Amino acid sequence: MFIIIGVVALFLLYIIITYNNVKKGAVKVEQSFSNMDVLLQNRADEIVNLISTTKSAVENEKELLEEVTALRSQVNRNSTKNVEDKLADSQRLEGSVNTLLGRLEAYPDIKFTSQYNHLQNRITNIEENIQAQRRTFNARVADFNAYLVTFPRNIIASIFNFSQKPSFEVTDQSKKENPDVSAMFEE
Amino acid sequence: MKKISKTKEEFDQFYEEEIKGEIEELEANRNNLKKRRNKQAKITTVAALIPIVFGLIFSDYFIAFFIATFVVLIIGFSKMSKTYKSFEGVMKQRIVRKVVTFINPEFQYAPEKHIPKETFLDTRVFPKKPDKYLGDDLIWGSVYDQDQSETEEHEFSVQNATPENIKQVTSSLERSEEDLQPEESPKTDIAFSEVTAIDVWSDTDGHQQETVIFQGLFFDVDFNKDFQGTTVIAPRKNLFFDFKKLDIFHKQPKLEEIELDNVEFNERFAVKTTDEVKARYILTPGFMEKMLALTDGAKERSKERIPNQHLKIVAKTIEKIVPYFSFKDGKMYFLLNTLQDHFEFNIDKKADKESIYNYFEDINQALILVEELDLNLKLWNKA
């Protein structure tokens with residue numbers, strides 16, 4: 001009798017530990033995403049500054065500026081969206097911003113203003129931080145998913161409706177480790 | 001990007017033009033000091049033998065004669081050491097200083113100084129405070145930074161200059177030159193020296209033993225990105241301690257091990273950090289590749305200096321040539337454990353091209369480090 005009670009108690013304990021570990025893992029992933037979200041928002045804010053600094057000097061890029069502004073507003077309205085949508089919008093914005101920065105390099109009047117250089121450096125720095133945060137987020141998602149799929153945790157996960165989380169894959173458009181400054185000049 | 005390190009060919013030319021004649025000039029000085037040292041050795045031997053003989057004849061006073069022998073030996077050795085130091089001092093001032101200036105005129109050299117112990121402890125690479133910390137040959141200075149966009153844009157502008165846009169290209173070049181006046185140009189500060197850290201411990205019989213924790217070159221460089229926190233990278237095959245126990249002797253903030261995206265890097269190095277995101281910010285996939293290449297290059301250069309010995313000894317020595325990296329609050333530390341003496345001269349042998357090339361390589365390594373890791377490429381947030 002005691003043996004049966006002991007086994008049941010151990011089983012319950014295992015379920016509790018697994019449940020708590022999955023919850024902790026999920027919190028870590030969410031925390032990581034929140035940190036990244038703050039950076040994505042920072043980047044969107046800096047883009048507003050970039051546009052207002054360069055607008056008057058780049059009449060020819062009106063269409064591109066409008067596209068970036070629209071995407072930036074979309075990111076701003078993102079607070080109610082889910083993780084996947086936020087990531088998709090952010091990637092589209094990243095691609096457009098890279099194109100914009102590349103085009104702006106062709107305007108010497110803009111290039112040599114200290115305000116523009118400062119903004120460009122800030123955006124690039126935020127990009128670097130986003131990349132680092134993205135790699136951290138993906139590492140946490142990978143740990144979380146690996147924990148969920150192993151037996152017998154996968155059974156416990158399905159009982160409590162825990163599912164795998166999507167990682168932040170970089171699309172070809174926005175794929176870059178460090179912004180390739182030299183490539184910008186080739187546009 | 002402009003190359004800042006020197007090549008073997010540049011060294012060959014420099015050796016022929018600047019060093020060869022200097023060595024010839026210093027040969028007379030070396031021979032004189034060698035003769036003086038030999039004379040001192042002979043006098044010391046004879047002076048030490050006299051009390052021994054007397055001690056054997058007058059055995060009642062053996063202890064007194066033994067002490068006299070000991071005192072004679074100490075005086076003799078200190079005289080010989082003084083002679084050697086005088087030889088070494090001249091060689092370092094005349095030869096090493098020239099090599100340093102050849103590699104970078106901005107560099108300064110202090111043969112007696114070294115990177116301070118506090119900086120060594122700051123790296124958090126070693127789990128224990130060394131009981132003995134020695135070093136010499138401190139070299140320090142600045143490498144002017146390059147803004148990749150400026151450099152490549154100049155090339156692009158000039159290549160694409162046409163009669164129509166030549167005015168614009170010229171004016172933009174003038175403007176950027178104004179922006180980059182040398183006194184205003186950002187620079188990467190670098191300092192390095194030879195360092196030896198020794199752990200003293202007692203064995204089961206209570207005898208004091210010494211273990212060399214680190215012997216090699218210690219580089220302290222400005223990193224090209226601004227960050228806070230500490231990230232330590234040590235080889236997985238660690239020699240003197242278990243990396244997992246790394247922060248036993250250190251207080252907060254705690255270092256935690258992380259896995260990075262590069263499989264080869266993870267196999268070869270263990271990474272511990274106080275901030276996972278900052279560690280990934282520093283260790284981008286591209287930077288990890290560069291670190292692997294730099295490590296292989298540095299190891300290869302050190303390997304070439306191992307004297308021809310039994311294969312097993314060579315293999316064991318190669319295994320001990322390991323690099324450590326540490327990143328702390330905007331600084332990068334690179335510690336290359338070579339287990340070799342650097343910048344040493346032999347009083348019994350004329351300095352040859354090979355030995356001077358070794359000094360050249362050691363100093364040039366600092367520039368290779370900056371160059372291969374693009375440490376002087378300020379693109380981001382570093383003021």
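Which strands of chain B does helix α10 (residues 353-372) lie across, and at about what angle does it run to β4(B)?

A: Happy to. This is a predicted model, in which local features need pLDDT of at least 70 and side-chain atom pairs count only at pLDDT 80 or more, while totals for chains, interfaces and linings use all residues. Residues are numbered from 1 along each chain as its sequence is written, and chains are lettered from A and ligands numbered from 1 in the order in which they are written.

Helix α10 of chain B lies across β2 (132-144), β3, β4 and β9 (331-337), and runs at about 55 degrees to β4(B). Helices here are DSSP runs of H or I with at least four residues, strands are runs of E with at least two, and both are numbered from the N terminus. Two residues are in contact if their C-beta atoms, placed from the backbone, lie within 7 Å. Axes are lines fitted to C-alpha atoms, for helices over the stretch in contact, and angles run from 0 to 180 degrees between N-to-C directions.

Now for the sheet itself. The nine strands form an open sheet with antiparallel pairing, in the order β1-β2-β3-β4-β9-β8-β5-β7-β6 of chain B. Its edge strands are β1 (108-110) and β6 (256-258) of chain B, each of which pairs on one side only. From one strand to the next, the twist averages 20 degrees. Two strands pair if DSSP finds at least two bridges between them.

Let's zoom in on the strands under the helix. Strands β3 (residues 187-202) and β4 (residues 208-222) of chain B run antiparallel and are joined by 13 bridges. Across this pair, W201(B) stands opposite Q209(B) of β4(B), and V200(B) has E210(B) of β4(B) as its bridge partner. The hairpin of β3(B) and β4(B) has five residues between the strands, and G206(B) takes a positive phi near 85 degrees there. Strand β4(B) also pairs with β9(B), in the antiparallel sense, over seven bridges. In that pairing, L217(B) stands opposite L336(B) of β9(B).

Strand β2 of chain B, another that the helix lies across, is where D137(B) is placed. Although D137(B) is not a glycine, its phi is positive, at about 55 degrees. D137(B) counts as buried because it has 24 C-beta neighbours inside 10 Å. The cut-offs are 20 or more other C-beta atoms within 10 Å for buried, 12 or fewer for exposed, and partly exposed in between, with C-beta atoms placed from the backbone. In the loop between α3 (117-122) and β2 of chain B lies R124(B). R124(B), a residue other than glycine, has a positive phi near 60 degrees. With 20 C-beta neighbours inside 10 Å, R124(B) also counts as buried.

The helix has a helical partner too. The axes of helix α8 (residues 285-303) of chain B and α10(B) come within 11 Å and cross at roughly 170 degrees. That is why α8(B) is described as roughly antiparallel to α10(B); angles under 35 degrees count as roughly parallel, over 145 as roughly antiparallel, 65 to 115 as roughly perpendicular and the rest as oblique. On the α8(B) side, the contact is made by K290(B), A293(B), L294(B), A298(B) and R301(B), and on the α10(B) side by E361(B), Q365(B), L369(B) and E372(B). These residues divide into four nonpolar, one polar and four charged. Here Ala, Val, Leu, Ile, Met, Phe, Trp, Tyr, Cys and Pro count as nonpolar, Asp, Glu, Lys and Arg as charged, and the others, Gly among them, as polar.

Another helix pair in chain B brings α1 (residues 8-57) and α2 (residues 62-103) together, with axes that come within 8 Å and cross at roughly 175 degrees. That angle makes α1(B) roughly antiparallel to α2(B). The residues of their contact divide into 24 nonpolar, eight polar and eight charged.

Stepping back, chain B has ten helices and nine strands. Buried residues make up 31% of its 383 residues. Of the contacts in chain B with a separation of 6 or more, 76% come from residues 24 or more positions apart. Chain A, by comparison, has seven helices and zero strands.
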